[in-house]
Amino acid sequence: MDTSTSAPSKTSTSPQSNISHENMNGANFEGDAGGPLQEALPSPEPSSRSPPLLSSPPPPLSLPPPALSSPPPPPAFSRIQAADFDDKYGVDKESFASGSPHVAFVGDGDWLEFRDLSFGSLVARGFEVRVASGAPPGQSGRLEVRLDHFDCEPTAWLSVTNTGGWRKWEILSCNLSAPVSGTHHVYLTFHSDQPTDFVNVQFFTFTSDEPALPGAEAFSLIHATTYSAQMGTVKETGTAGGQHVGSISEGSWLLYRRVDFGKRVARGFEVYVAADIAPEAWGLMEIRLDAFDACTAGLIFVTRTGGRQEWQRRECRLAAPVYGVHDVYLTFHTGKAVDFVSLRHFRFLSAPPGGQDAFSWIYADSYSSQYGTGLGPGKRGANPHVGYIQEGDWLEYRNVDFGRQVAREFVVCLASGAPAQGLLEVRLDEHQAEPVARIPIANTGSWHTWRILACDLSAPVSGSRVVYLTFRSGHPIEFANILSFMFFPGKTMGLRDRLRRHWLADRVLGQFWDKFVDRFVDRLLNCLPFL
């Protein structure tokens, strides 16, 4: 909101209905002189025992027939854009270049009307709204929710203060004074002791049943019963006393609001389910982000587990990396009108299930476990890196798959702004095993000046292995950031391999390579058989 723009007249109207590169998410990385980030995440105690390997993933399944459609959440429990009002007083629509329209120029006495908002068969007990405010210091306002008429008693209210700017959005939430169901006209009314505008409003929604824990951590176990809203499910108590979500059938869904992925990137999903269905029966659980009808981010194929209390872990890869804060929808489909699955808990995974390809870039933040390190954010939404690395720290990556190829070289993308040098060692299967590769680490120019370094392996490597990156330094200071690493089959690197390695390096560092360039590089390499 531009404070230099005057507010519209108060009339009631009805609108018509050294290296500079970009990462794979489009963020720009440039060398700088900054030091390492200062907040390291808590770390587990070191152990000389290798953590247990994950159990082998189930065999791949062929895609089932297309999922049947299911009813969306009632409108009141979906995100309602404030700019989609049916009537208003004193406000106007505004759009920033990078976002959808919102309601702005909101001051004392203004209101918005949303007619015939259906709560369906659910009961609303909470309210959430996304706002931004650049109001002067000391000025505050009040947003009130009223039903059926704009001058009736409020059923919810929130205080609004400066959020840091007219584009600095925050989500505010509160409980309703009484449960709400049925169909209602919903009014948002605004009050302030000052005559100037005090808030922008982007969207709002109502919440049902128990809210998800504020800031639920995507990589920790999220109990299924902590949903924000649901349709067609029942909370049940298992034989061991714990609760789970059951009676899930065709068209059921669960919503978990504001699941926080923090600084990490999710590439997989796992869930614990129980299904007492016929051996030939099946069902689907779909993971969707931010909207009930969004594209499927992940797909879990549900088959018989042996009984309603026989819990099994199922996992899948995500269609694309996920980071930030998202509303998570779990939707369910089956070919028969029967209850087919129960859900205990779920979480997101930094590493894709089924192992990681040793000959593709493995992002450092996709570790299975670690000691002593922390996460540094990628600039402008880029893939994060592992930082805060000191003497004795280590990273573990389980199920790194070399397939039928044999690796003879190790390649890593790292940065350092430290005055001292260090050493990166690659070990297999145990973090105290004899190193198969060593790479000296020196100052690259800054903590975000990334360099590609490589060395030969002391012996060929194949199969499926646990890879440890261990770090040594003679100084008690942080000395490295790690973005990604991979293995390479060529021991002596000729021009062909160097071209291909630098091509891959450019891809991980984020330079744009479209299909035409990919084909061009392959043709160039094929024209050089003598290299």
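In what order do the strands of the open sheet of five strands come? The views below take that up, then move on to some ring pairs and a core, all in a predicted model.

**View 1. An open sheet of five strands, with antiparallel pairing.** The edge strands are β16 (229–231) and β22 (298–302), and each of them pairs on one side only. Neighbouring strands in this sheet are turned against each other by 20 degrees on average, if you ignore direction.

**View 2. Strands β21 and β24, running antiparallel.** Residues 283–289 make up β21, residues 325–334 make up β24, and seven bridges join the two.

View 3. Phe 292 belongs to the loop between β21 and β22, while Tyr 329 is in strand β24, so the pair ties together parts that are 37 residues apart in sequence.

**View 4. Phe 359 and Phe 402, another edge-to-face pair.** This time it's 5.9 Å from centre to centre, with 90 degrees between the planes. Phe 359 is in the loop between β26 (356–357) and β27 (362–363), and Phe 402 is in the loop between β31 (394–401) and β32 (407–415). That's a link between distant parts of the chain, 43 residues apart. Phe 359 is buried at 13% relative accessible area, and Phe 402 is buried at 1%.

**View 5. The largest nonpolar core, with 40 residues.** Phe 127, Leu 188, Phe 190, Phe 204 and Phe 206 have the most contacts inside this core. Domain 1 (80–207) and domain 2 (222–349) both give residues to the core, so it lies between them. In soluble globular proteins, nonpolar side chains tend to be buried together.

**View 6. Phe 206 and its neighbours.** Leaving out residues up to four places away in sequence, Phe 206 touches a whole list of residues, including Ala 76, Leu 117, Gly 126, Val 145, Leu 176, Val 186 and Arg 257. Ring pairs also link Phe 206 into a cluster with Phe 77, Phe 114, Phe 119, Phe 127 and Phe 204.

Key
Residues are numbered from 1 along each chain as its sequence is written. This is a predicted model: local features need pLDDT of at least 70, side-chain atom pairs count only at pLDDT 80 or more; totals for chains, interfaces and linings use all residues. Side-chain values use heavy atoms; hydrogens and water are left out. A nonpolar core is a set of buried Ala, Val, Leu, Ile, Met, Phe, Trp, Tyr and Cys residues joined through side-chain atoms within 4.5 Å. Buried means under 20% relative accessible area, exposed over 50%, partly exposed in between (1.4 Å probe, protein chains only). Domain bounds come from an automatic or database domain assignment. Contact means heavy atoms within 4.5 Å. Two strands pair if DSSP finds at least two bridges between them. Helices (H or I, at least four residues) and strands (E, at least two) are DSSP runs, numbered from the N terminus. Axes are lines fitted to C-alpha atoms, for helices over the stretch in contact, and angles run from 0 to 180 degrees between N-to-C directions. Rings of Phe, Tyr and Trp (its six-membered ring) pair if their centres lie within 6.5 Å; planes under 30 degrees apart count as stacked, over 60 as edge-to-face and the rest as tilted.
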